[in-house]
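This report concerns aromatic side chains and the surroundings of a ligand. Please examine the structure before reading on.

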Amino acid sequence: MAIWHTKTDQPDIVPRFMHWLEQRNPGEIEFHQAVYEVGVNVLPFLREHPEYMEAAIFGRLTEPDRIVSFRVVWEDDQGKVQINRGYRVQHCNAIGPYKGGIRFHPSVNQSILKFLAFEQTFKNSLTGLSLGGGKGGADFDPKGKSDREVMRFCQAFMTELHRHIGADTDVPAGDIGVGAREVSYMFGQYKRLANRFTGVLTGKGLSFGGSEIRAEATGYGTVYMMQDMLAARGESIDGRTAVISGSGNVAQFTAEKLLALGAKPLTLSDSSGFIYDPAGLDDDKLAWVRELKNVRRGRIKEYADEFGCEYHAGERPWKVPCDMAFPCSTENELDVDDARTLLKNGCIGVSEGANMPSRQSAIDVFQQARILFAPSKAANAGGVAVSGLEMAQNSMRMSWSRDELNTQLRKIMLDIHNRCEQYGRESDDYINYLKGANVAGFVKVADAMLAYGVM
Ligand code: NDP
């Protein structure tokens with residue numbers, strides 16, 4: 001049975017939808033998880049809005065507009081031919097060009113990119129900007145590769161991808177394993193192949209069309225979201241302790257903004273383990289981490305050796321007592337036991353810098369305990385928002401100042417908070433930010449799709 005014929009008043013609408021989805025997309029567990037996380041709020045919402053159900057809007061949104069999958073062949077420093085698989089998932093361009101990052105990590109597969117592209121569509125809608133949703137990447141591991149190997153891989157990847165993207169079509173950016181170095185190599189190759197200098201990628205260097213605040217935006221935005229959630233309860237960040245996972249782009253700028261607002265970040269991690277610094281990070285230690293991770297490309301364990309603190313190999317930092325938690329590394333890094341441990345230790349708020357870092361069972365624990373919980377599609381939307389502002393600057397061939405962009409980012413994050421509040425306030429006054437983000441993100445895209453008719 002086609003799901004769009006399911007009556008909205010049926011109590012089992014979510015399991016029936018999920019059954020349909022899982023049969024259509026066998027084995028894609030991350031994609032199932034992401035759709036469930038949205039569907040559990042949006043499907044019941046359709047009861048009051050049968051026009052969306054009759055037009056099968058949510059069902060249509062679980063089928064990407066298209067997926068491109070391609071071979072990437074390149075030569076390593078020993079002259080050996082290497083083969084990787086590249087993808088671009090163009091999920092939905094109902095409200096603007098496809099927009100979303102590129103991930104280089106050995107775990108990349110179609111399910112992970114479909115989940116990320118699906119999430120991106122709702123996140124981009126929440127920013128209030130005209131941005132559709134997409135995501136791409138490759139099962140390439142930049143770790144341990146020389147700069148020249150990374151360059152050759154990026155050029156080979158873009159040699160195929162350039163046919164499918166464009167400043168008004170699809171505008172990729174960075175993500176895990178894709179930072180300033182990789183974006184630069186890819187932008188250079190696009191420019192060479194297309195013979196056009198356009199804003200086809202965001203996260204570019206400042207001297208070739210990049211935007212101030214883009215590097216900082218995701219981490220800063222994740223902290224602004226926490227600031228706004230606390231303010232809604234008459235509280236503030238100042239003086240609070242924070243546990244952060246990851247030590248890449250998002251984690252670094254989350255720590256930076258927390259320090260600026262008077263909080264004390266206690267941990268950082270990478271895929272090998274985490275450091276716990278009871279004295280807290282400070283600006284000098286953070287500068288050292290930046291050099292370690294962005295220049296020397298070393299391991300976080302070296303922080304413990306340098307500053308004489310604890311290192312926990314093979315573990316995640318959630319057992320460290322804290323007021324606030326910021327998962328900033330990867331999906332499904334925080335499970336139900338971690339959630340219970342955080343609660344037991346007095347955590348009052350979680351803001352997700354990474355995409356889908358908390359498992360559904362962990363989210364249930366946070367929400368049942370009525371602590372603050374900002375889901376990734378709201379909390380980390382600052383990155384794509386400033387990417388949208390980079391696109392605007394590129395179109396105008398002008399650039400805005402750092403202060404101007406930070407002011408715009410701050411306002412966008414507050415607007416996101418308020419949209420979540422509008423759709424997520426429950427009868428006991430608890431703000432269910434996940435429900436608010438899902439419904440607010442859905443409505444804007446759904447209205448555009450309704451207007452276009454059946455396609
Ligand atoms: P980076 O590549 O800069 O950093 C990723 C960090 O996460 C590294 O410390 C890495 O450790 C760690 N990590 C990656 N995979 C795993 C894993 N499987 N287990 C444990 N640790 C892991 O990426 P970003 O900081 O850009 O991205 C982090 C998260 O934020 C991702 O979920 C991304 O999708 C999301 N995000 C990023 C945005 C951006 O603007 N960059 C925008 C919105 C969301 P190691 O070095 O050992 O691999």
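F118 is buried, with a relative accessible area of 0%, where buried means under 20% relative accessible area with a 1.4 Å probe and protein chains only. F122 is likewise buried, at 0%. The model is a predicted one, in which local features need pLDDT of at least 70 and side-chain atom pairs count only at pLDDT 80 or more, while totals for chains, interfaces and linings use all residues. Residues are numbered from 1 along each chain as its sequence is written, and side-chain values use heavy atoms, without hydrogens and water.

**Aromatic pairs**

Helix α5 covers residues 110-126, and F118 and F122 stand four residues apart in this helix, so about one helical turn separates them. Helices here are DSSP runs (H or I, at least four residues), numbered from the N terminus. The rings of F366 and F373 form a stacked pair, because their centres are 5.8 Å apart and their planes lie at 25 degrees. Rings of Phe, Tyr and Trp (its six-membered ring) pair if their centres lie within 6.5 Å; planes under 30 degrees apart count as stacked, over 60 as edge-to-face and the rest as tilted. Both F366 and F373 are buried. Ring pairs also join F118 and F122 to a cluster that includes W20 and Y52.

**Ligand contacts**

| Residue | Distance |
|---|---|
| K143 | 3.0 Å |
| D175 | 2.6 Å |
| N355 | 2.8 Å |

The protein covers 85% of the 890 Å² of accessible area that the ligand has on its own, as computed by the Shrake-Rupley method with a 1.4 Å probe.

Definitions and conventions: Polar contact = N/O pair within 3.5 Å; in protein donor to acceptor, adjacent residues only side chain to side chain. Helix = DSSP H or I, 4+ residues; strand = E, 2+ residues; numbered from the N terminus. Buried < 20%, exposed > 50% of the residue type's maximum accessible area, 1.4 Å probe, protein only.
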